[in-house]
Amino acid sequence: MTPARPDRQATRRLAELLASEEGTLVLAQLQRLGLAGAPPLPPGPPRLGVWEPDGAGGFARNAAYAAEWRFWADVERIPPKRGPRVVLLGESVTRGYFYDPAFTPAGALGAMLGVEVVDLARSDLTARELGSVLDAAPALDADALVLFAGNNWHNVLYSLADLGRLAEAARRGDWAEARRVVLDDIVVPQCRDVLARLAARAGGRPVVVVVPEFNLADWRSEPGVLAPVLPLARNVPWMLARGDAERALATGDPELARKRAAEMLALDGGAGAIAHELTGRALAALGRPHEARAAFEAARDATFGLMIPLSPRCPAAVQEALRAGAAAHGFALVDLPRLFEAEMAGAPPDRRLFLDYCHLTVRGIELAMGAVAGWLAPALRLPAPRALPSPPLAPETEATAHVLAAIHTAHHGQPAEMLKYHLNRAVALSPSARDLLARYLEVDAADAPPWTSAAFERLCASPLVRRYLAPDDPRVMDRLADAALVAAMREVLGDAAPHASPGASAEIDLLAARHRARTFRERTGYSLGAARAYHRALDVTSSFFFRLDAPRAMALRLTCRLPGAGRSTAEVAVLVNGEAVTRVEVGATWQTFELTLAAERFRTGPNEIRLEWPLIAPPWARMLEDAARRLERAAYPEVLAAYGEISACVLRTPRAAPARSRTS
């Protein structure tokens, strides 16, 4: 046998070393060092979002970027400049989300000033992407620039030093420190860089910076976004205090709720949004609105930088950086938190100004753009700004926006009261809203993908709906468990609601998004890392929704485990439509249970199976170390604690012989 060449031996040995856990970490460090020294990529062809120079002094929309068109202004061509021109840059708030393309901030500003406003707002725009738009903006020869952004700036790149500090914070379970690293060392400097770049591209032209605001009073934390993994098994007392606080609010004892929320804050170090949120609700009930506002602001900011998915928002640190940067560069400032505080007479802003978490109502847009116009008119020597017509858009258009807001807020796990508010507002504005609700219910009842149905085609006849629910939007490819939204729509429509297909599948995979995920983020999991092959229950209950054509006995195959059980076992309760039917003894290893559920437990139409997990502390030491190691490998960690895990949950018509429980 020919002996192996020395270089092959060395290569094999190196591969063996790098295949180990420690070797993986070393390789990650080497890769990052190599990337840090890599030469920059050559610039691509000059373009302004989805528009490219047309050779005639303007910019034309390029079909090569057709997949992106729905994120930008619905404008085929930006013509050469012919008079005073303002360029508006920003994100989905600046797009006029839910109203776009019928009514937008750019359109409102243009009508107020009587000049051309070029709309360069893009939905989902990050700070990095904003830089390329700023670089191209001078080609438009604007007389003034307006920047209305900051809600998407949690999308950041981490340096080697950042990852090291985040890893050490994770090892200690100090998630508040991890947030400070992200905010103070990454996001705020990024904000300063954006404003410096804006100043350089403005070339001395007037600039207005708009500071975003959040729906402080109405918005609630999404289901599953509870406390991060806490050291010393503190998740258990945290969960107990949370239950006490929620019950105290429900039974009219806000002072007890405030005390229990204070216990939660002491346990999580302020890194759990719900503790701040419960504090704000308690303080509001106690008649202390200014303190409530501060608590709601803390709730908004608590999960920012925690490396979990979250709805767009602009935290206080970014708001302050925008204010300071505007002052440093001599920009005009429109401060929405202060403007809206005056509008609300000191109370936290709510649904009167916001359709969801950060997207503005017509009134919110009027206030924001009116303040911008008030700065620009004298700066550009224009007449005083004009008032918008009253109302500024057709009732059926505003009704459609409220229907879309109801759908969107449902898919962010908001309370039924908020969904009903938008739906009732919609049908009060225009009878056309009832048809939209009926079409949505038809789409929801069908087994086929939404975009294949005629009802979906009729639903998307509205340009507003088409922008939000277009078939190329991946959020609508896997349908969600819309039980709360469907119930709210049916309640609003009453007898006019279309008949729902009761459903008759012989086998139902309850882990499919259609039956399990109430929100966008429940569908993929509350982690920024790769999706797991099983479901993590981030609360002590897991609910699954499905429809049956008639009550009948069903067999449930459940494969699950308790991540914190160690060598012990504990009972998991199984409930059907709110009634306990059985309990299964579960441990830390995967077990499969075959359960036969009696026909009388079910009903024709909608049904729910719920699992109630025991409150066991997660394996916090192992999870914190794993989070640190993931960060050292430049991978996102699991931040939130899980109380149960499920790899299979299938409901089917039972076989003739009764099944037995078995362990796998």
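Helices (H or I, at least four residues) and strands (E, at least two) are DSSP runs, numbered from the N terminus. Just after helix α12 in this predicted model, Gly330 takes a positive phi of about 75 degrees. Residues are numbered from 1 along each chain as its sequence is written. Because the model is predicted, local features need pLDDT of at least 70 and side-chain atom pairs count only at pLDDT 80 or more, while totals for chains, interfaces and linings use all residues.

| Helix | Residues |
|---|---|
| α6 | 160-172 |
| α7 | 175-202 |
| α12 | 316-329 |

Helix α12 has 14 residues and reaches 20 Å from its first C-alpha to its last, close to the 20 Å expected at 1.5 Å a residue, where the expected span is 1.5 Å times one less than the number of residues. Its buried residues (under 20% relative accessible area, with a 1.4 Å probe and protein chains only) are Val318, Gln319, Ala321, Leu322, Arg323, Gly325 and Ala326; among the elements that cover them are α7, β7 (207-211) and α11 (289-302). Gln319 has 4% relative accessibility and therefore counts as buried. Leaving aside residues up to four places away in sequence, Gln319 touches Val211, Pro212, Glu213, Arg300, Cys314 and Pro337, contact meaning heavy atoms within 4.5 Å.

Helices α6 and α7 pack at an angle of about 160 degrees, with their axes 7 Å apart; axes are lines fitted to C-alpha atoms over the stretch in contact, and angles run from 0 to 180 degrees between N-to-C directions. The two helices, α6 and α7, are therefore roughly antiparallel to each other, a term for angles over 145 degrees.

Definitions and conventions: Heavy atoms only, no water. Parallel < 35°, antiparallel > 145°, perpendicular 65-115°, else oblique. Buried < 20%, exposed > 50% of the residue type's maximum accessible area, 1.4 Å probe, protein only.
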